[in-house]
Amino acid sequence: MAVTGLAKKRKQEELEEVEKGAFAGVVDLEMQSEEEAGDEDQGSDNLSDDGEVDDFPEIDALSDSDEDSEEEEEATDILDEEDSLDEDSDASSSLRLFPRSKVVLSDITGQKKTVYPEIEPDYDSDSSTEDDPIRTGNIPVHWYDDLPHIGYDINGKRVLRPAKGDELDKFLATVDDPTSWTTAFDKNTQMDKPLSAEELDIIRRLQAGENPDAEYDPYEPMIEWFTGKGKEEVMPISSAPEPKRRWLPSKWEKQKIMKIVRAIRQGRIVGSKPTAADKKQQFYAIWNEPPSNQPPPLPAPKPKLPTNSESYNPPEEYLPTEEERKQWEDTDPEDRERDYLPQKYSALRLVPAYSQFIKQRFNRQLDLYLAPRIQRVKLNVDPESLLPKLPSPSSLRPFPNYKSLKFAHTKARVRCLSISPDGAWAASGDESGVISLWEVNVGREVKRWTLGSKIGAIEWCPRLDVCFFVAGTEEKLHFLAPPNLSPALLTTTQSTLAPATLPPATQSSIKWISSSGVVEEGPILIIELPSASGLPRQLTWHRKGDYLASVSSSESQGGVWMHQISRRHSQAPFTKIKGTVQMVLFHPTKPHFFVATQRYVRLYNLAEQKLLKTLMPGIQWISSMDIHPSGDHVIVGGYDRKLCWFDLELSEKPYKVLRYHTRAIRSLHFHPTYPLFASASDDGSIQIFHARVYSDLMTDPLIVPLKILRGHDVKDGLGVLQIKWVNKQPWLVSAGADGNALVWCS
């Protein structure tokens, strides 16, 4: 080891020079490049041909002098000589563990340096595992879910997240690329990597239940290690002689057995006698159980200690008065505070027998019998942690939270109301036949009509080029226009309801009657429904304002009628329907028609005239229904206090069932522009909910209860009968059985 000795000698000389005078001469520092520093680091890790590690000399600032360079040349020459000797000695082996190095002159510093050739990555090389572009280590991948990158490369730069398509893109990729099924998703790189032929063969073998190794032969000939020819075992494992205890009986066991036999003969050991079956009932103390490894049972409950009132001579303040005694006798035994009345005796010998003794002993035995004997460990769970995390209502504004104004109907309860499309007018009708038109902003009544019959439903036409609303009375539909309309708007309304040239009449049992009087004084158009059809309890318009559907209280098949204003034609869409129709609604964007019976909601396609779907809310009696403006979600309310949210793309069963009201639900309504919906009930309250529906089908709707509005009084078991949103404002208008119409503002 000539090089090792030379390195130690050089180190000792350098230490001596430093001890004489540190920094005595001029120090020439050499700044090496990254490439040169990497070369030196690579050279320092190499091993000599004989398998031993060479000691690398310590780096010193004084090692860049000419003397050191000469010594390095000498050391290099010595290493070359050793390599030549090793090559001569190992001439039979042509394999070298490390490549040969060479000394070159640096172009930057002008000094000599050792350069090793590049190592070609091989299976046995460490560099073959460095193909991974992400060098973040073994950390959870979900840490980068909210970041645009998925890790860092070897240079510390971010590795951006590759673009991912949706499920449709994945399906199209499988159609266009026939080799897409031969890829696997890599969680580290977030990409699909192709599988090699060997990996696909392994997967195929595993699916077929075969051995994953293709070279494995299950039928290869057996190798006889011990029974083959020339491998027979001649000698046993142990050549020790067999002991006598293998065939001779033990004398010590014989002595023990004889000792037991003599004890039995002398009567010192008596066997247990068989016990005769005792027919008598065995009584035992249930609290006196034998000891066990289980935790001790709970102690028996102790009886209550007697108080001063149970004394035979209690103080005067414990004795009841005549009123207290009478009140105690009138109270039910299970509601009494005490089972006895304190009594006073002058001597103990005058105390009679206790009349409740047998009952008190029996109750004590019941307490012992029914007392728990095991202490169950209760789970220490915070109830707040079980509730879902919902956003704060203050962050979901605006929504109505206070009562702004009140419009009163003095004669009867307000059964229905409706808001104009521009949100400026409100029409409300009561059971005495009075319809009031008033302003939503100030609550001022503008016009009043008296139709002489109970008002069942009111609905404004959704068209903006006309202005009128429909009111339903007994077997009639009245088309009314508000006063003070502009001439152009009034002309369009009259031409729509009462055109100069009427369309050809059709055969129908419904009559269309146009009025020739003043428009502001009475209805412009009256539709007379068939006899015995009853009071129309619901009116609903198509989004284009040409079709009107009415639902009457009659249970016959003629309860549902569809009216076309432009053709002045009415028809019954159903010739046969199961159950009593409660409500009908038009789909906001498609030619679909919702029909709610007592227990089911059926969806029909009017263009194809067929049944599409039947929703099963699980409600005993459906009372109200409304459709989200997107048309993909439906809410259904019932008299059994349930509110069901349906996702039409998801299932026929409710997505969510809400139970927030204490009495029957009367009305439901979605806001046309804001993510809000409300529900009204007979308990006199209105529930406001935030309902945000996302365009992404994979995201569930967000339903958050926001506010409970209380302002209506409950009369005759009825509370809030109908609610309507103002189109362009987050305001709500409600009609109640107390005869008031309230406006709720944000």
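The model is predicted: local features need pLDDT of at least 70, side-chain atom pairs count only at pLDDT 80 or more, and totals for chains, interfaces and linings use all residues. Residues are numbered from 1 along each chain as its sequence is written, and side-chain values use heavy atoms, with hydrogens and water left out.

**Overall make-up**

- The protein has ten helices and 35 strands. Helices (H or I, at least four residues) and strands (E, at least two) are DSSP runs, numbered from the N terminus.
- Of the 746 residues, 31% count as buried. Buried means under 20% relative accessible area, exposed means over 50%, and partly exposed lies in between (1.4 Å probe, protein chains only).
- The protein exposes about 51,100 Å². Carbon and sulfur atoms supply 52% of that area. Accessible areas come from the Shrake-Rupley method with a 1.4 Å probe; for residues, only the protein chains shown count as cover.
- Contacts between residues at least 6 apart in sequence were sorted by separation, and 49% of them join residues at least 24 apart. Contact means heavy atoms within 4.5 Å.

**Salt bridges**

- Side chains of opposite charge can pair when their charged atoms come close.
- The whole structure holds 14 salt bridges. A salt bridge is a side-chain nitrogen of Lys or Arg within 4 Å of a carboxyl oxygen of Asp or Glu.
- Arg413 pairs with Asp716, with the closest N and O atoms 3.3 Å apart. This pair links distant parts of the chain, 303 residues apart. Arg413 sits in the loop between strand E7 (402-408) and strand E8 (414-419). Asp716 sits in the loop between strand E32 (702-710) and strand E33 (720-725). Asp716 is exposed, because its relative accessible area is 70%.
- Arg415 pairs with Glu431, and here the closest N and O atoms are 2.6 Å apart. The two residues are 16 apart in the chain. Arg415 lies in strand E8, while Glu431 lies in the loop between strand E9 (425-430) and strand E10 (434-439). Arg415 has 23% relative accessibility, so it counts as partly exposed. Glu431 is also partly exposed, at 21%.
- Arg448 pairs with Glu445, the closest N and O atoms being 2.9 Å apart. Glu445 counts as partly exposed because its relative accessibility is 28%.
- Asp201, Arg204, Arg205 and Glu210 are linked in a network of salt bridges.

**Surface patches**

- Patches are made of residues with over 30% relative accessible area and no salt bridge: like charges are joined within 9 Å, nonpolar side chains (Val, Leu, Ile, Met, Phe, Trp, Tyr) within 5 Å.
- Lys259, Arg262, Arg265 and Arg268 form a positive patch. Lys and Arg count as positive and Asp and Glu as negative; His and the chain ends are not counted. The place of a charge is taken as NZ of Lys, CZ of Arg, CG of Asp or CD of Glu.
- Arg262 belongs to helix H6 (residues 251-266). Arg262 is partly exposed, at 42% relative accessibility.
- Leu168, Phe171, Leu172 and Val175 form a nonpolar surface patch, with about 400 Å² of accessible area together. Leu172 belongs to helix H4 (residues 167-176). Leu172 is partly exposed, at 41%.

**Backbone features**

- Most residues other than glycine have a negative phi, and most peptide bonds are trans.
- The peptide bond from Arg397 to Pro398 is cis, with omega near 10°. Pro398 is placed in the loop between helix H9 (383-386) and E7.
- Glu475 is not a glycine, yet has a positive phi of about 60°. Its loop runs between strand E13 (469-473) and strand E14 (476-480). Glu475 is partly exposed, at 24%.
- Arg568 also has a positive phi, near 50°. Arg568 lies in the loop between strand E19 (560-564) and strand E20 (569-571). Arg568 is buried, because its relative accessible area is 11%.

**Around Asn740**

- Asn740 is in strand E35 (residues 740-745). Asn740 counts as buried, at 15% relative accessibility.
- Asn740 and Thr410 are 330 residues apart in sequence, but 8.1 Å apart in space, C-alpha to C-alpha.
- Beyond neighbours within four places in sequence, Asn740 has contacts that include Lys406, Phe407, Val414 and His712.
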